[in-house]
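Dear colleague,

Please find below the structure that I am handing over to you.

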Amino acid sequence: MSFLSVDGLHLHYQVLEPMYPKPGVTVVFLHGLVMDNLSSWFFTVANQAAQEARVLLYDLRGHGMSDRPKKGYGITQHLQDLQKLLDHVAADDQVILVGNSFGGLLALNFARFFPERTAGLILIDAQINDQAWRDDMMKSLRLEGDARNEKIAENFQNWLGRHSARKSNRLAKNAHELVHETTLLDELYASISMQDSDLATIKVPVLAIYGENSDIAHNADRMRGNLPNGRVQIFAGCTHSVLWEQTEALRDVILEALQQQMTELPPAPWTSQAERRVF
């Protein structure tokens with residue numbers, strides 16, 4: 001296990017090295033919000049991706065084995081964490097970001113604010129940080145009692161660890177502490193926004209995947225209509241949990257897209273000596 005101290009907060013991360021890595025690029029996997037951690041990518045796609053490229057996975061602050069501070073959960077803080085992790089493990093690399101749900105939201109915002117460092121995006125049912133997302137987040141994550149349990153069961157009915165009481169209880173405990181004992185929801189609600197005009201500034205290749213029956217499937221049209229170099233793929237019959245519902249098929253699509261984006265890498269404009277963006 002590896003940890004990086006970011007302003008006193010310990011972030012848990014793992015780097016997977018291939019035998020013959022493609023130079024100059026690191027693939028970063030970003031997991032979802034609250035009831036998720038790096039294991040969702042580790043056990044589905046990341047190990048296969050690491051046969052071709054250097055892979056970085058980490059637990060977002062407050063999640064998994066990373067520290068859970070009382071405050072400091074805005075989108076800006078999450079982007080700073082990623083920036084500092086990359087400075088630590090892949091200072092001179094361009095990055096291809098693979099994000100699921102909230103991880104997709106972070107990937108979009110990283111590409112928006114760090115275009116010189118981003119080589120490509122692969123988004124799985126990605127959220128977009130607009131007002132509708134804020135309202136839905138507050139409504140769903142503040143559920144209590146039976147309503148909360150039904151929502152968890154709905155979202156994780158295909159999760160690999162659903163049959164392990166220990167894993168399920170630990171995930172639920174972590175989620176409860178994040179939602180009720182930190183300022184996560186209030187800080188995300190007050191965070192920066194992304195509009196369609198911001199999507200239009202993201203020039204790198206983007207593959208945006210959505211479940212046909214996802215409650216945010218309408219975001220596919222926004223990606224299709226605004227990303228200059230984006231394409232959209234719909235997984236028939238899937239919901240927001242497409243990562244669990246069609247794991248093998250999704251893995252094949254992601255690996256193919258990674259191969260294509262690595263083949264099309266532009267000459268790296270990024271070096272460790274380049275000007276760094278600091279929020």
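The notes below describe the sheet, one of its strands, a helix residue and a surface patch.

Please bear in mind that this is a predicted model.

The sheet

The sheet is open and is built from 8 strands, which follow the order E1-E2-E4-E3-E5-E6-E7-E8 with mixed pairing. Its edges are strand E1 (2-6) and strand E8 (230-235), each of which pairs on one side only. On average, neighbouring strands of this sheet are turned by 20° against each other, direction ignored.

Strand E5

Strand E5 covers residues 94-100 and pairs in the parallel sense with strand E6 (residues 118-124) over 6 bridges. Strand E3 (residues 25-30) also pairs with E5 in the parallel sense, over 6 bridges.

Because 7 of the 7 residues of E5 are buried, the strand is largely enclosed by the rest of the structure.

Leu 184

Leu 184 lies in helix H7 (residues 184-189). Is this residue buried or exposed? Leu 184 counts as buried because its relative accessibility is 0%, the cut-off for buried being under 20% relative accessible area. If its neighbours within four places in sequence are left aside, Leu 184 is in contact with Leu 33, Val 34, Tyr 73 and Leu 178. Leu 184 and Gly 74 are separated by 110 residues in sequence, yet their C-alpha atoms are 7.3 Å apart in space.

The surface patch

Met 1, Phe 3 and Met 65 make a nonpolar surface patch of about 350 Å². Of these residues, Met 65 is placed in the loop between strand E4 (54-58) and helix H2 (75-89). Met 65 has a relative accessible area of 40% and is therefore partly exposed, a class that lies between the 20% and 50% limits.

With kind regards

Conventions
Residues numbered from 1 in each chain as written. Predicted model: local features only at pLDDT ≥ 70, side-chain atom pairs only at ≥ 80, totals over all residues. Heavy atoms only, no water. Pairing = 2+ DSSP bridges. Helix = DSSP H or I, 4+ residues; strand = E, 2+ residues; numbered from the N terminus. Axes fitted to C-alpha atoms, helices over the stretch in contact; angles between N-to-C directions. Patch = residues over 30% accessible without salt bridge, like charges linked within 9 Å, V, L, I, M, F, W, Y side chains within 5 Å. Areas by Shrake-Rupley, 256 points an atom, 1.4 Å probe, with all protein chains shown as cover. Salt bridge = Lys/Arg side-chain N within 4 Å of Asp/Glu carboxyl O. Buried < 20%, exposed > 50% of the residue type's maximum accessible area, 1.4 Å probe, protein only. Contact = heavy atoms within 4.5 Å.
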